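Please keep the model open while you go through this note. The points below take it piece by piece.

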2 protein chains.
Amino acid sequence: MSELKGAAIFAQSGGPTSVINASAAGVITEALKADAITHVYGSAHGIRGMLDDVIYDMSKEDGRELELLLTTPSSALGSARYKLKHYDEDDRDYKKILDLFRKYDIRYFFFNGGNDSMDTCSKIGRYLQKVGYECRVFGVPKTIDNDLWGTDHCPGFGSAAKYIVTSFMEVALDAKVYDTGMVIIIEVMGRNAGWLTAASSLASQKGLGPDLIYLPELPFEADRFLGDVESVFSANGNAIIAISEGLHDADGVYVPEMNYQNLAVDSFGHTQLGGAASILGKLVKDHLNVKVRSIELSLLQRCAAHCASRVDVDESFLAGKMAVQHALEGKSGYMVGFERGPGPVYVCNTKLVDVNEVANKEKLIPREWVNEAGNGLKQEFCDYALPLIQGESRIAVEDGLPRFARLRKVRAS
Amino acid sequence: MSELKGAAIFAQSGGPTSVINASAAGVITEALKADAITHVYGSAHGIRGMLDDVIYDMSKEDGRELELLLTTPSSALGSARYKLKHYDEDDRDYKKILDLFRKYDIRYFFFNGGNDSMDTCSKIGRYLQKVGYECRVFGVPKTIDNDLWGTDHCPGFGSAAKYIVTSFMEVALDAKVYDTGMVIIIEVMGRNAGWLTAASSLASQKGLGPDLIYLPELPFEADRFLGDVESVFSANGNAIIAISEGLHDADGVYVPEMNYQNLAVDSFGHTQLGGAASILGKLVKDHLNVKVRSIELSLLQRCAAHCASRVDVDESFLAGKMAVQHALEGKSGYMVGFERGPGPVYVCNTKLVDVNEVANKEKLIPREWVNEAGNGLKQEFCDYALPLIQGESRIAVEDGLPRFARLRKVRAS
């Protein structure tokens, strides 16, 4: 172990999840305990706080509130989607960060995010090395999309998946209540990776899930889709369909951008991604002349801490804690990843993944986990996903309402 | 007590809720215990099962599954939206029902539903009386909309409200995470009554709810709405808005049917109610030039048993149980209603409400509970609603997924 004395800074980036704050709790509580770490800072809005010198002193937070972070969704310190240029191209941002690190004597940098964030983490680490500033840089993974390379799964996925599966089961019960049939299309997040959409298949295993599942990994064909829906509806008198927001045809045209001639769909409201369910709902209604309801899970699915997976919460905390422990041991330039132990009982171990390797890669669902028709998942996927949604994370309750963490956010000086 | 020996039948009607099955459990378990009740039947799909002789023998159900009904959303026996004509106009349906009641010697009829269902209940009760068939008829209230006349509140409301409040709080945390502002518009169920939309104000009290709330009880004015949103966004840098699906202008034109000239909104996809959020989202985007996200809670809000209110579950069970007890005592032609005890501590007592009085009436939010500007709720509303969302209903879990009741549905013969 090589001792490096100095302050630590933690930042959250990318889209919020139900458990990104659990990783924050892991990093912060572990860093506050470490002798080598002189101060623990939090950066406001990801990298932005480091550029603008908006830095919080985490030692000023109440211990009870830090504990509540475990069950508080979204990014307590704020997030950002700020893309750093390469320092060879433009090093102004890097110089600002270096100045800030020098000002606060920051020697430990923990960055919690997804693909883009690991890219940022990698660039900052290499820049600091290049200019000879000693700092241990660590990535902490986070993304509901589960598309990070080099790890068995990602913190955030299990909780979003648990909410999605639960919601599908509840809606399935609702959908089958009338003696008149209906088609329900539910749109799930995931632009390129279909992990969350696929998670709905866990509900199907209980007889309360989608009959058909369409992932962005496979090219979307409207005719086949309509044929599938018609078959299911004819057989069952109703149909529940899970679709990814990122469905696109072989040419990469997303569903909301498609202009089905026979639909006279104009461009109203379809400038943003999202809306695939309503377009496909219209398509089904026009072609099959059945009652259709389109549901978009939208932001609800990524912040539903009240329905988080206990396994996910615990692992997210662990990822943050292990990042600090490894950094204290002298490691740098890694992301904490997960690997599954062998054997039938689920065991999750952490490992170190070179953060440069993770950056800008994407892990998609293997084709062999999808059925031949491309409209459902095989048992392999369920075996993979089921352990990740185990256990209930009980949120703290006050007056019958969630009691989420309230950080004081005292500015460091 | 006047003893009447015979069978009992129970039916569920109208839109599903998270707790309609809790009332089913109350009726069924209490009826199964009663000496005077010879058989306990369930009707498939509300009144339809009584017309088509699709009747289940509830004594054939497993006790554990009946218990699971307490935490199983939607209508386990199926529902229907079948409107009976008045028997003076057309008595064919009534004769079928009478034949069925004679066939199974049904002397107790329990009907679980909302406004329309109480109307059905009232008509059947009066018809049976007219033809001299002795049968005790009872309404068991149910509606997430909370618009039933004659009762302090309705089973189903508290659970939907709890889900809505929780979701608003989670989305509010998500919405405020970026340093760039956004307007979020969340559409809540309730065509004529704004109780569920108003419930979001409980989240506002915690600082994590909507900044603006628009109810269907007040005429919607687009210009005032835009002015309100602009003010809030200017002051806060973001805005969260709760709207009812039933918003309409002073002429009764619903938002999805409005054709804002300056929007060039066509009629695509707006033929059904629902979609108000996306229309208003477009309106805000075009006028204020800000990022907008529209979310429709859709079916999720009425079947989210995983986030049900314990108070609501218990009271729903109680309503079913008391209906049976009162019927056994000789009462008939009533709906079980709730009344709140006096004093600061919430106490809910049951009472009997003449079912003929309930039918086809609607209870709306009193104007004096809404602020002067018509875009928020006053403390009176919160005091009313908060006790109804207390306590967590823990759903049974199996493999990390909800374990909902699976009834055998054995046909009676």
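1. Start with helix α12 of chain B. α12(B) has 19 residues and reaches 27 Å from its first C-alpha to its last, close to the 27 Å expected at 1.5 Å a residue. The expected span is 1.5 Å times one less than the number of residues. Helices here are DSSP runs (H or I, at least four residues), strands are E runs of at least two, and both are numbered from the N terminus.

2. A word on the source. This is a predicted model, where local features need pLDDT of at least 70 and side-chain atom pairs count only at pLDDT 80 or more, while totals for chains, interfaces and linings use all residues. Residues are numbered from 1 along each chain as its sequence is written, and chains are lettered from A and ligands numbered from 1 in the order in which they are written.

3. Is α12(B) mostly covered or uncovered? Mostly covered: 14 of its 19 residues are buried. Buried means 20 or more other C-beta atoms within 10 Å of the residue's own; exposed means 12 or fewer, partly exposed in between, with C-beta atoms placed from the backbone. After α12(B) comes B:Gly330, with a positive phi near 110 degrees.

4. Helix α1 (residues 20-33) of chain B packs with α12(B): their axes come within 7 Å and cross at roughly 35 degrees. Axes are lines fitted to C-alpha atoms, for helices over the stretch in contact; angles run from 0 to 180 degrees between N-to-C directions. The residues of this contact include B:Ala22 and B:Gly26 of α1(B), and B:Phe317 and B:Gly320 of α12(B). Contact means C-beta atoms, placed from the backbone, within 7 Å.

5. Now the two chains. In chain B, 51 residues are in contact with 51 residues of chain A. On the chain B side, α6(B) gives the most, with nine residues. Other elements supplying at least two residues each include α10 (276-288) and β9 (292-296).

6. Chain A is assigned domain 1 (6-155 + 305-359 + 387-402) and domain 2 (167-302). Such bounds come from an automatic or database domain assignment. The C-alpha centres of the two domains lie 34 Å apart. Seven residues of domain 1 are in contact with seven of domain 2.

7. Finally, look at A:Val355 in helix α13 (residues 355-358) of chain A. Why does A:Val355 count as buried? Because A:Val355 has 27 C-beta neighbours inside 10 Å. The C-alpha atoms of A:Val355 and A:Phe138 are separated by 7.9 Å, though 217 residues apart along the chain.

Notes. Two residues are in contact if their C-beta atoms, placed from the backbone, lie within 7 Å.
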